[in-house]
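Here is a quick walk through a protein chain and its ligand site. Have the sequence and the 3D view open as you read.

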Amino acid sequence: MPTDTKTATNSIVDALNWRYATKKFDPSKKISASDWQVLEDALQLSPSSYGLQPYKFIVVTDQKVKDELVAACWNQAQVAQCSHFVIFARKNEVNAETVDQYIDLIAKTRDVPVDALKPVHDMVNGFVTGATPEKLAEWTARQTYIALGNLMTVAATLEIDNCPMEGIVVPEIDRILKLNEKGCTSVVACALGYRAADDKYATLTKVRFPKDELFINI
Ligand SMILES: Cc1cc2nc3c(=O)[nH]c(=O)nc-3n(C[C@H](O)[C@H](O)[C@H](O)COP(=O)(O)O)c2cc1C
């Protein structure tokens with residue numbers, strides 16, 4: 001057991017060192033359907049506050065749409081070159097009805113009566129209905145970043161390259177993808193695929209603060 005654990009730990013750290021914010025993808029290389037299923041699972045299984053999952057993942061593989069999105073992403077070429085471009089969007093409406101739907105899902109999934117979930121319902125509902133729209137928007141946006149982190153880590157373990165992107169023009173992305181009609185607003189994005197052989201960023205040494213600056217051990 002300890003040997004297996006060590007091997008697993010090493011391979012995870014190796015994967016995290018291997019990954020980098022890819023600036024140039026090889027457009028001829030596409031993520032296979034089976035690998036994409038794993039990445040979808042990683043997104044679906046992402047944890048969120050109260051488990052409410054107040055987001056949508058928009059996955060763009062259509063080349064025309066990816067090309068159109070480049071201008072809305074600070075002209076970053078990765079958007080067109082990558083295999084899958086994922087936009088993390090926050091749901092615009094998070095309210096008492098959303099909470100009811102979620103509680104119903106828990107009841108069905110775990111085969112428990114809705115009544116038994118009243119304490120959970122009241123807690124989540126209290127938070128959601130007590131928050132200002134600004135606070136809710138900020139809170140839902142934060143949840144998307146957890147999914148982004150999960151996606152990048154899992155992709156790295158599969159040797160799938162990725163580039164997280166905040167360099168997006170939210171209203172432009174929303175307009176092109178008609179996100180308002182879909183009830184959501186873009187927050188952040190991630191390009192995924194395979195690095196181009198000549199991406200010079202691939203060999204740069206990672207720049208990270210030393211652990212004694214990053215960690216406060218109490
Ligand atoms: C939330 C977030 C947004 C980012 N936005 C961009 C971006 O728009 N374009 C880009 O090329 N890199 C972007 N990056 C990549 C960072 O610059 C990069 O992760 C950081 O410098 C560390 O380098 P590494 O990922 O190669 O280890 C972003 C990273 C994060 C986490």
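Is Asn-75 buried or exposed? Asn-75 counts as exposed, because there are 10 C-beta neighbours inside 10 Å, and the cut-off for "exposed" is 12 or fewer. Keep in mind that this is a predicted model.

**The loop between α3 and α4**

Asn-75 sits in the loop between α3 and α4. Its backbone is worth a look too: phi of Asn-75 is near 55 degrees, a positive value in a residue other than glycine. Trp-74 lies in the loop between α3 (63-70) and α4 (78-81) as well. What about the surroundings of Trp-74? Trp-74 has 12 other C-beta atoms within 10 Å, so Trp-74 is exposed. Now look along the chain to Ile-168: Trp-74 and Ile-168 are 94 residues apart in sequence, but their C-alpha atoms are 6.2 Å apart in space.

**Two other loop residues**

Tyr-50 also has a positive phi, near 60 degrees, in a residue other than glycine. You'll find Tyr-50 in the loop between α2 (33-44) and β1 (55-60). Tyr-50 is partly exposed, because 16 other C-beta atoms lie within 10 Å.

Pro-210 belongs to the loop between β4 and α9 (211-214). With 7 other C-beta atoms within 10 Å, Pro-210 is exposed. How far is Pro-210 from Leu-52, C-alpha to C-alpha? The two are 158 residues apart along the chain, and their C-alpha atoms are separated by 35 Å.

Here are the counts for these loop residues next to each other.

| Residue | Other C-beta atoms within 10 Å | Class |
|---|---|---|
| Tyr-50 | 16 within 10 Å | partly exposed |
| Trp-74 | 12 within 10 Å | exposed |
| Asn-75 | 10 within 10 Å | exposed |
| Pro-210 | 7 within 10 Å | exposed |

**The whole chain**

Let's step back a bit. The protein has nine helices and four strands. Starting at the N terminus, the elements come in the order α-α-β-α-α-β-α-α-α-β-α-β-α. The C-alpha trace spans about 60 × 50 × 35 Å along its principal axes. Of the 218 residues, 30% count as buried.

**The sheet**

How are the strands arranged? Four strands form an open sheet in the order β1-β2-β4-β3, and the pairing is antiparallel. The edge strands are β1 and β3, each of which pairs on one side only. From one strand to the next, the twist averages 25 degrees.

Going across the sheet, β1 pairs with β2 in the antiparallel sense over six bridges. Lastly, β3 and β4 pair in the antiparallel sense over five bridges. If you want a residue pair to click on there, the bridge partner of Cys-163 in β4 is Ala-191.

**A helix pair**

Two packed helices are described by the angle between their axes and the distance between the axes. For α2 and helix α7 (residues 133-157), the axes come within 8 Å and cross at roughly 150 degrees. That makes α2 roughly antiparallel to α7, because angles over 145 degrees fall in that class. The crossing of α2 and α7 is right-handed.

**Around the ligand**

Which residues are around the ligand? They are Tyr-20, Ala-21, Lys-23, Gln-76, Cys-163, Pro-164, Met-165, Glu-166, Gly-167, Val-188 and Lys-206. By class, this shell has six nonpolar, two polar and three charged residues. The largest share, three residues, comes from strand β3 (residues 161-165). One residue ties this site back to the sheet: Cys-163 is among the residues around the ligand, and Cys-163 also has Ala-191 as a bridge partner in β4.

Note on methods. Residues numbered from 1 in each chain as written. Predicted model: local features only at pLDDT ≥ 70, side-chain atom pairs only at ≥ 80, totals over all residues. Buried ≥ 20, exposed ≤ 12 C-beta atoms within 10 Å, placed from the backbone. Near = placed C-beta within 6 Å. Nonpolar A, V, L, I, M, F, W, Y, C, P; charged D, E, K, R; others polar. Pairing = 2+ DSSP bridges. Axes fitted to C-alpha atoms, helices over the stretch in contact; angles between N-to-C directions. Parallel < 35°, antiparallel > 145°, perpendicular 65-115°, else oblique. Left-handed = near helix turned anticlockwise from the far one by under 90°.
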